[in-house]
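Try each task before you read its solution.

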Amino acid sequence: MISISCLVLDDDPIYCDLITEMISEQSQLFLSGAYTLPEEAILHLGQENIDILFIDMEMPETTGIEFVKKLKDPPLVIYITSHPEFAINSYEVGAIDYLTKPISETAFGRAISKAIKKIETTRKADITDSMIDSMNSDHEYFVIRNDSKYVKIKYKEVVFIEAFSDFVKIHTPAEIYVHLSNLKNIESALPQKIFIRTHRSYIVNTQFVESIAGTEIKMGDSIVPIGESYRELVMDRIIGNKLIKR
């Protein structure tokens with residue numbers, strides 16, 4: 001079962017809470033964030049990869065369509081609206097579905113089913129492409145600019161990466177590199193088969209994980225936190241069916 005991250009943006013706190021509750025009732029979904037202000041949501045989207053964005057069509061400062069058009073790489077979008085006639089507009093900008101207020105569980109389930117089917121198809125294609133790229137590639141590394149030079153860092157040598165103001169710190173056994181970027185950008189360059197987001201501010205190489213206790217991961221001499229919204233995905237990826245039962 002895949003895990004799908006969701007972000008909610010609705011200026012009405014009642015509907016923001018309602019969508020949040022509906023997300024919590026779906027086993028495949030987890031809430032990455034819920035906001036009533038567009039500027040807060042845009043900051044979140046700049047730091048994290050989100051699978052589904054639930055967004056109000058009509059807000060005081062902007063419209064849902066205007067908001068999505070400003071995103072460089074938007075997630076799947078499910079619009080929320082009080083006006084059914086806006087539905088056609090939502091499809092014109094590539095929405096996966098729309099929800100009309102008051103929102104019914106049936107309509108929510110329908111929209112989620114569409115989104116999950118789309119995400120599953122996309123992820124299968126991405127995995128296939130990744131496998132082909134891996135087989136055809138002689139280089140398993142990425143390059144950063146560090147001070148005045150370019151540095152090649154092998155994926156297998158990265159222990160974990162953490163957000164640090166407007167930079168990221170890339171931890172390897174030999175050195176810590178500081179690079180001007182954000183986690184979202186660097187995450188897109190990493191192979192998902194070995195790296196996983198554990199927290200808004202951390203990405204880890206699963207091959208270096210020594211143990212998990214509560215909300216912490218031990219990686220050599222370092223401790224990396226597990227965010228509440230990431231815990232289920234982290235436990236599934238790192239432990240999964242590998243736990244030897246009593």
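The exercises below treat sheets, cores and rings in this predicted model.

**Exercise 1. Strand E12 and its partners**

Task: Describe how E12 pairs with E8 and with E11, and say which way its side chains point.

Solution: 
- Step 1. Start with E8, residues 160-164. E8 pairs with E12 in the antiparallel sense, over 3 bridges. Ile-161 has Ile-203 of E12 as its bridge partner.
- Step 2. Turn to E11, residues 195-199. This pairing with E12 is antiparallel too, over 4 bridges. Here Ile-196 has Val-204 of E12 as its bridge partner.
- Step 3. Find the link. A hairpin of 2 residues leads from E11 to E12.
- Step 4. Recall a rule. Side chains in a regular strand alternate between the two faces of the sheet.
- Step 5. Apply the rule to residues 202-205. Tyr-202 and Val-204 point one way from E12, while Ile-203 and Asn-205 point the other way. All of these residues are buried.

**Exercise 2. A serine in a loop**

Task: Is Ser-181 buried or exposed? Which residues is Ser-181 in contact with, leaving aside neighbours within four places in sequence?

Solution: 
- Step 1. Locate the residue. Ser-181 is in the loop between strand E10 (176-180) and helix H6 (183-187).
- Step 2. Use the cut-off. Buried means under 20% relative accessible area. Ser-181 has 18% relative accessibility, so this residue counts as buried.
- Step 3. List the contacts. They are Asp-166, Phe-167, Val-168 and Ile-186.

**Exercise 3. The nonpolar cores**

Task: How many residues does the largest nonpolar core have, and which have the most contacts inside it?

Solution: 
- Step 1. Nonpolar side chains in soluble globular proteins tend to be buried together.
- Step 2. Take the count. The largest core has 24 residues. Those with the most contacts inside it are Ile-19, Ile-52, Phe-54, Leu-99 and Phe-108.
- Step 3. Trace the sources. Strands E1 (4-9), E3 (52-56) and E4 (76-81) each supply at least two residues, and so do helices H1 (13-24) and H5 (105-136). H5 gives the largest share, 7 residues.
- Step 4. A second, separate core has 17 residues, including Tyr-35, Ala-41, Met-59 and Ile-65.
- Step 5. Zoom in on Phe-54. Beyond residues up to four places away in sequence, Phe-54 touches Ile-19, Ile-80, Leu-99 and Phe-108, among others.

**Exercise 4. Rings and charges**

Task: Classify the ring pairs of Phe-30 with Tyr-230 and of Phe-54 with Phe-108. Then find where lysines sit over rings.

Solution: 
- Step 1. Note the total. The whole structure has 5 aromatic pairs.
- Step 2. Take Phe-30 and Tyr-230. The centres are 6.0 Å apart, with 55 degrees between the planes, and the pair is tilted. Phe-30 lies in strand E2 and Tyr-230 in the loop between E15 and helix H7, so the pair ties together parts 200 residues apart in sequence.
- Step 3. Check burial. Phe-30 is buried at 11% relative accessible area. Tyr-230 is buried as well, at 5% relative accessibility.
- Step 4. Take Phe-54 and Phe-108. Their ring centres are 5.6 Å apart and their planes lie at 15 degrees, so the pair is stacked. Phe-54 lies in E3 and Phe-108 in H5, so this pair ties together parts 54 residues apart in sequence. Both residues are buried.
- Step 5. Phe-142, Tyr-155 and Phe-195 form one aromatic cluster.
- Step 6. Find the lysines. Lys-152 lies over the face of Tyr-141, 4.9 Å from the ring centre. The charged end of Lys-169 sits over the ring of Phe-164, 4.2 Å from its centre.

Key:
Residues are numbered from 1 along each chain as its sequence is written. This is a predicted model: local features need pLDDT of at least 70, side-chain atom pairs count only at pLDDT 80 or more; totals for chains, interfaces and linings use all residues. Side-chain values use heavy atoms; hydrogens and water are left out. Buried means under 20% relative accessible area, exposed over 50%, partly exposed in between (1.4 Å probe, protein chains only). Two strands pair if DSSP finds at least two bridges between them. Contact means heavy atoms within 4.5 Å. A nonpolar core is a set of buried Ala, Val, Leu, Ile, Met, Phe, Trp, Tyr and Cys residues joined through side-chain atoms within 4.5 Å. Rings of Phe, Tyr and Trp (its six-membered ring) pair if their centres lie within 6.5 Å; planes under 30 degrees apart count as stacked, over 60 as edge-to-face and the rest as tilted. A charge sits over a ring if NZ of Lys or CZ of Arg is within 6 Å of the ring centre and within 35 degrees of the ring normal.
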